[in-house]
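This report examines selected side-chain features of one protein chain.

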Amino acid sequence: MPKNTKVTQREHSNEHVTESVADLLAHEEPMDYKSSAMNVGGVVKGMAPKDKGPDDTPNNGDERPAWNSKLQYILAQVGFSVGLGNVWRFPYLCQKNGGGAYLVPYFILLLIIGIPLFFLELAVGQKIRRGSIGVWNYVCPRLGGIGVSSLMVCGFVGLYYNVIIGWSIFYFFQSFQYPLPWSECPIRRNGTQAIVEPECEKSSATTYFWYRQTLNITSTIADSGGLNWRMTLSLFAAWFIVCLAVIKGIQSSGKVMYFSSLFPYVVLFCFLVRGLLLRGAVDGIAHMFTPKLEKMLEPQVWREAATQVFFALGLGFGGVIAFSSYNKQDNNCHFDATLVSIINFITSVLATLVVFAVLGFKANIMNEKCVIENAEKILGYLNSNVLSHDLIPPHVNFSHLTSSDYAEMYGVIKTVKEGSFAQLGLDPCLLEDELNKAVQGTGLAFIAFTEAMTHFPASPFWSVMFFFMLINLGLGSMIGTMEGITTPVLDTFKIRKELFTVCCCIVAFLCGLLFVQRSGNYFVTMFDDYSAGLPLTIVVILENISVAWIYGTKRFMQDLEDMLGFQPYRFYFYMWKYVSPLCLIILISATIIEMAVSPPGYNAWVQELAAEHFQSYPPWAVAMCFALIIVALLPLPVVFIARQFNLISDGSNKLSVSYKKGMMKDMSNLEDQDETRFILSKNPSETPSPMPTHRSYLGPCSTSPLEMTNSTPSSGYGTGYQMAITPESEL
């Protein structure tokens, strides 16, 4: 190296290096190196971001977008994690698995699986400031397929999840009429005769409206039945809304979240107040909180609680990582993880209170209807002398028959007519039986809840509110799902955000036509059962292992301390290292066993019987089920093998620096390495080893780029990355 260069002069002096890379190389006017492309973490206060050259990192563009406020970010995470499952899945599991006793395993698993893994995803996204593909390429290039698999699952889930929003939109607009169209069975006229639609009479008005007038469903998955034009328009409206919400990234979706995340809570509180004033609401809530402690000893209860915790927080989808990647690097993501998890849990309990209050009211209505119908049967038997009047207790008044009076009368008749009682066809009409009828998913939202609302005063108002709430819950989750798709792709490739988002929505709508055929509901069930469950669990356990075992839990804890300014609780060390991976392995094993034991099938609606009937999937549908799993997991071995044998680059074979003034020079010799050493050193006395010219980062699978972070908080984003380059994935 020439003795008169600035670097050589500083080797023999105590003067602090203040000039930029451009000044050292080109002897131009001084420029703060923080304004160069090496400062990945953010920009210096008071300096406007400048345009980057064509060789700059694609995902940073001019400056990575940031949330306008902490509240906007929290609402986005809450909107993504709190979704339709909190309203129609958690109450069902609570009812099925022991009532209040189910809350105990759920909360325990939330502490040992949910919060630690949610914190892990928030931390890596915030630290590395990339989407799911970029994050796992950083941590370990050979496991870069984790991000691609996560993106694939987001795509599958987004396809059918938006169909549910479309259904909610259809019901929303149908609610603007009185009486509600599902409140009564339609009348079919045959000449001068008017008869009730047989399919509706055998089931119920709400069931008929859902299966026949909304879905117009076929009896088998093999019979497509053609497109349902009303559901097609609803799906188009759903994708149009989602596209508008995410077209500008967090600049547009962040504003939408202010409404879509908060409005459901307003509706839930309104429904809770209204529900508590309904007759029989206390019966429903008491049924919910009555603990069946023996259920806690069943492994199935713990497995379903773990699955619900897993999906309730949106782990593995990439949306959590994408949202946190737009944070400042000194943001307290530990507080965020705890807060969002607790809000999610409280929302699930709140939704369960609402559901059981309304279902308690519905159970009382159905029980009274049962009593009236069976009392009419008994009167008929009394008039035809099949039953003696002596069997009726003297205080029973058929014009004002209560449930307790009917139960007494039923017991007497059953005892006396023991031999011929079955021929009478009398039902016990127990309130407990009505409360034990477990419903979930679309059966809860579009059948049970809609039926209960028909008995509300001002029922159209409550129906409009309910389905508008479902639209907003679904929209919040869809925004997070779309961010899980768009953020990693835009980070990896130079694509216009608006154009890519519109193309994604158009392609998704065209693919979604599969779900708006008359048999589309069966495909929604298939995708819900097979496209996300097992693949996401495998994705999350690989995320956990890559950080805790490959990168190293101690190193990760140190990175968190540098980033947050404090050391996280030792509790997380043991959760990430041992407990969470073990729980996930058990969950994966239980899921595989259940898939092997349970035959693949679906509940088909048989029009002639006006009832659901379980049918096995035909061979082509079984192949489709397993194809969903294989396609979602295929990127994991493909990327691993390709990078193991150097078939694709991991983006770490070059090291170049771009400058704000358009200067760019390759550092490919020892002199340039020496200059880089002085630029990156805090003091001239610090002489770190020269950075290898053939790698852009070091990692545990090669050496982690997390090691290349500077723990000194930057003025723009707190702890900033001050690396020579950001590696570009070539996936």
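## Salt bridges

Arg 188 has a relative accessible area of 40% and is therefore partly exposed. In this predicted model, the side chain of Arg 188 meets that of Glu 197 in a salt bridge, with an N to O distance of 2.7 Å. Glu 197, at 13% relative accessibility, counts as buried. A search of the whole structure finds six such salt bridges.

A further salt bridge joins Glu 199 to Arg 212, whose closest N and O atoms are 3.1 Å apart.

## Aromatic pairs

The structure holds 57 aromatic pairs. In one of them, the rings of Phe 172 and Phe 173 have centres 5.2 Å apart and planes at 75 degrees, so the pair is edge-to-face. Phe 172 is buried, with a relative accessible area of 14%, while Phe 173 is exposed, with a relative accessible area of 55%.

How are the rings of Tyr 211 and Trp 605 arranged, stacked or edge-to-face? Their centres are 4.2 Å apart and their planes lie at 10 degrees, so the pair is stacked. The pair links distant parts of the chain: Tyr 211 is in helix H10 (residues 205–214) and Trp 605 is in strand E3 (residues 601–606), 394 residues apart. Tyr 211 counts as buried at 7% relative accessibility, and Trp 605 is buried with a relative accessible area of 3%.

## Arginine over aromatic rings

Two arginine side chains are placed over ring faces. Arg 555 lies over the face of Tyr 551, at 4.5 Å from the ring centre. Arg 570 lies over the face of Phe 573, where the distance from the ring centre is 4.3 Å.

## Buried serines in helices

Ser 341 is placed in helix H17 (residues 333–383). With a relative accessibility of 0%, Ser 341 counts as buried. Beyond its neighbours within four places in sequence, Ser 341 is in contact with Leu 110, Ile 115, Phe 118 and Leu 313. Ser 341 and Leu 111 are 230 residues apart in sequence, yet their C-alpha atoms are 9.2 Å apart in space.

Ser 132 is found in helix H7 (residues 132–139). Ser 132 counts as buried because its relative accessibility, 2%, falls under 20%. Apart from neighbours within four places in sequence, Ser 132 is in contact with Gly 147, Ser 150, Gly 318, Ile 321, Gly 484 and Pro 488.

## Leu 276 in helix H13

Leu 276 lies in helix H13, which covers residues 263–276. Its relative accessible area is 46%, so Leu 276 is partly exposed. Leu 276 and Phe 356 are 80 residues apart in sequence and 9.9 Å apart in space, C-alpha to C-alpha.

## A nonpolar surface patch

Which residues make the nonpolar surface patch of about 400 Å²? The patch is made by Phe 236, Phe 240, Ile 241 and Leu 244. Of these, Ile 241 lies in helix H11, which covers residues 229–246. Ile 241 counts as partly exposed because its relative accessibility is 36%. Membership of a patch requires over 30% relative accessible area, so the value of 36% places Ile 241 above that cut-off.

How values were computed. Residues are numbered from 1 along each chain as its sequence is written. This is a predicted model: local features need pLDDT of at least 70, side-chain atom pairs count only at pLDDT 80 or more; totals for chains, interfaces and linings use all residues. Side-chain values use heavy atoms; hydrogens and water are left out. Patches are made of residues with over 30% relative accessible area and no salt bridge: like charges are joined within 9 Å, nonpolar side chains (Val, Leu, Ile, Met, Phe, Trp, Tyr) within 5 Å. Accessible areas come from the Shrake-Rupley method with a 1.4 Å probe; for residues, only the protein chains shown count as cover. A salt bridge is a side-chain nitrogen of Lys or Arg within 4 Å of a carboxyl oxygen of Asp or Glu. Helices (H or I, at least four residues) and strands (E, at least two) are DSSP runs, numbered from the N terminus. Buried means under 20% relative accessible area, exposed over 50%, partly exposed in between (1.4 Å probe, protein chains only). Rings of Phe, Tyr and Trp (its six-membered ring) pair if their centres lie within 6.5 Å; planes under 30 degrees apart count as stacked, over 60 as edge-to-face and the rest as tilted. A charge sits over a ring if NZ of Lys or CZ of Arg is within 6 Å of the ring centre and within 35 degrees of the ring normal. Contact means heavy atoms within 4.5 Å.
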